[in-house]
Amino acid sequence: MVQNQVCGVRRDEEPVMLRLEGVGRHFGALWAVREVTFTVGPGELVGIIGPNGAGKSTLFNLIAGAVTPSAGEIQFLDQKITKAKPYQVARLGVARTFQIPKPFRQLTVRENVMLSALRRHRTPRRAHAVTAQTMEFVGIQNLADTTAANLSVGLLKKLEVARALATEPSLLLLDEVMAGLTPTEIREMMAAIASLPGRGITVLWVEHVMMAIMNVAERLVVMHQGGIIAQGSPTEISSDPAVIGAYLGKNYVHASRP
Amino acid sequence: MATSLTEGPAPGKFLTLAFAPRRGVLSIVELVVLAVCVIAVVAITNRYAVDIMIRTFLWAGLALSWNIAGGYTGLISFGHAAFFGIGAYTSTILLLRYNISPWIGMWAGALLAGCVGAVLTIICARLRGPFFILSTLAVGEVTRLAALNWRSLTGGSEGLEIAPVPSAIDMVFKSQWPNLLLVLAYMLVLFALSIWIEQTRYGYYLFATRDDEDGASAIGINPRRMRALAMAMSAALTAIGGTLFAQYFLYLDPTHIISPDISFQFALMCVLGGLGTASGPVFGALIIVPLSELLRGSLSGSASGLHLVIYGTIVIIVMLYFPSGISGAIARGSAWLWSRTRSAASAGMKNP
């Protein structure tokens, strides 16, 4: 049944990995996210930017199932995930990182990453291999036996990414993974994120480090006061007057020039 | 056989052996302690000493059961006496009323306690930390009051008495020996089970649920299911200990069996020995039970109640200076010694 829909009905349309249709969520009288509609295609690397309180993290929580939408619908591949629970969304192949890292504190870095790998691989040997690869990809292999509680903020961010990647997701939601990293680490992380679509991972990425997201993302979605105010390529966005007014500021145009 | 201390434990390593207690592997320290327990069972025949040993092993098993919920899954419970009572009362009532052997009754008690435990976590699914603890305390008290007032079933405050007529089918024995072997087996099986849990993927799912439920959900673990599973398992195993207790002491009354004191003891032994480790609850019981018996015996004439003061002082000292318990202290001590000997060896290599 489900396969028929994929093969038969939507053949003529662009393939869609994630589709948000008029998604909104209010807390009391405040609409943290309202009327958000956009799609992400397979292999895309989409960035979400916007001022603090624009609703970016709430949007991630809505997609990941941590918060249930008050309005609208969310579809991942051929399944509606509007009311799915976080662990159900994760099992479909959506991995996420948390803006404020949520590691398994009493476990080591290796065990943290291994847990994700164990979700998919029943044999410990295979899980070990995935764990080792993922730790090396993110650059935390030297810390494999450090307890997560002893890591600094920057390393916790890397651990978040490693834990999400080890679930071998098809869609990865990155929430401000650059905060707390050194300039060198930011460049390394940029290269790592840029390589993800090539590995078959679609990325939706919230970031405040403009240098990173402007250079890596193929498409940007700009949020302000809960809604989308602009969408387009980084070049289009950086010259969009609405975006400059709401978020980037007039100085950005000058500052971003070499 | 011993693996290097820097290598992290990982699920699926069943045959590794470490020196100091470490998650997921059997350690030489633990094996020695358990071997001493077994030797003591064979060697010691003094009636009073055997009585203390029976209590110690029973409490070690009960603390290990508590540890599955409180240590591994972070479901700190101050209401486990309820499960203990359910186990003790179920098998005893089945024996006295329906003449069903406790060998069968204990499984009935375990099943009932397991269901109550699972329902408790489902009802309290949204409660965290101190709020969850308070709700478990309430469950314990409600169970105690129910047992006190449901006179027709439990005999109320007068309690229930099992006739001291030796019969293997009724699990009542003439000598202490069979009881001693039973509780020893109970402790050893639970220890093995704990080590096994630490190695399996489900053990790791429990740790993840304990450390961060949102993080666990994000990688596809259903935290509510894990909480319910862990609590059900812990409650069922505690109930089996309750049956063993009833069949040794042959007398039950709600005030003593389902008291908060009993629940606190479970938690204390785990904290003292090392929360969330397989050896911790055993170490805790091995120290607390004989100590409290000895203190009670020696101080009851001159200063009754003083044993509680000494007991409390020891707990405070351990919590201040050994926050990861005895088990953690041994692990750290041996890691320190290991690094000392290694640096000494490398220094020796440089300057022969």
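Is the crossing of H3(B) and H4(B) right-handed or left-handed? The crossing is right-handed; a crossing is left-handed if the near helix is turned anticlockwise from the far one by less than a right angle, and right-handed if clockwise.

1. Basis. This is a predicted model: local features need pLDDT of at least 70, side-chain atom pairs count only at pLDDT 80 or more, and totals for chains, interfaces and linings use all residues. Residues are numbered from 1 along each chain as its sequence is written, with chains lettered from A and ligands numbered from 1 in the order in which they are written.

2. H3(B) against H4(B). Helix H3 (residues 80-98) of chain B packs on helix H4 (residues 102-123) of chain B at an angle of about 140°, and the axes are 8 Å apart. Helices (H or I, at least four residues) and strands (E, at least two) are DSSP runs, numbered from the N terminus. Axes are lines fitted to C-alpha atoms, for helices over the stretch in contact, and angles run from 0 to 180 degrees between N-to-C directions. Residues of H3(B) in the contact include Phe83(B), Ile86(B) and Leu94(B). Those of H4(B) include Met106(B), Leu112(B) and Val116(B). By class, the contact has 11 nonpolar, six polar and no charged residues. Here Ala, Val, Leu, Ile, Met, Phe, Trp, Tyr, Cys and Pro count as nonpolar, Asp, Glu, Lys and Arg as charged, and the others, Gly among them, as polar.

3. H1(B) against H7(B). Helix H1 (residues 28-43) of chain B and helix H7 (residues 177-199) of chain B pack at about 170°, with axes 11 Å apart. That angle makes H1(B) roughly antiparallel (over 145 degrees) to H7(B). Leu34(B), Cys37(B) and Val41(B) of H1(B) meet Leu180(B), Leu184(B), Leu188(B) and Phe191(B) of H7(B). The contact has seven nonpolar, no polar and no charged residues.

4. Chain A against chain B. Here 28 residues of chain A are in contact (C-beta atoms, placed from the backbone, within 7 Å) with 19 residues of chain B. On the chain A side, H4(A) gives the largest share, seven residues. That side divides into 14 nonpolar, five polar and nine charged residues.

5. Strands of chain A. Strand E3 (residues 45-49) and strand E9 (residues 219-224) of chain A pair in the parallel sense over four bridges; pairing needs at least two DSSP bridges. Gly47(A) stands opposite Leu220(A) in E9(A). E9(A) also runs antiparallel to strand E10 (residues 227-232) of chain A, joined by five bridges. Their hairpin has two residues between the strands, and Gln225(A) takes a positive phi near 50°.

Technical notes: Two residues are in contact if their C-beta atoms, placed from the backbone, lie within 7 Å. Angles under 35 degrees count as roughly parallel, over 145 as roughly antiparallel, 65 to 115 as roughly perpendicular and the rest as oblique.
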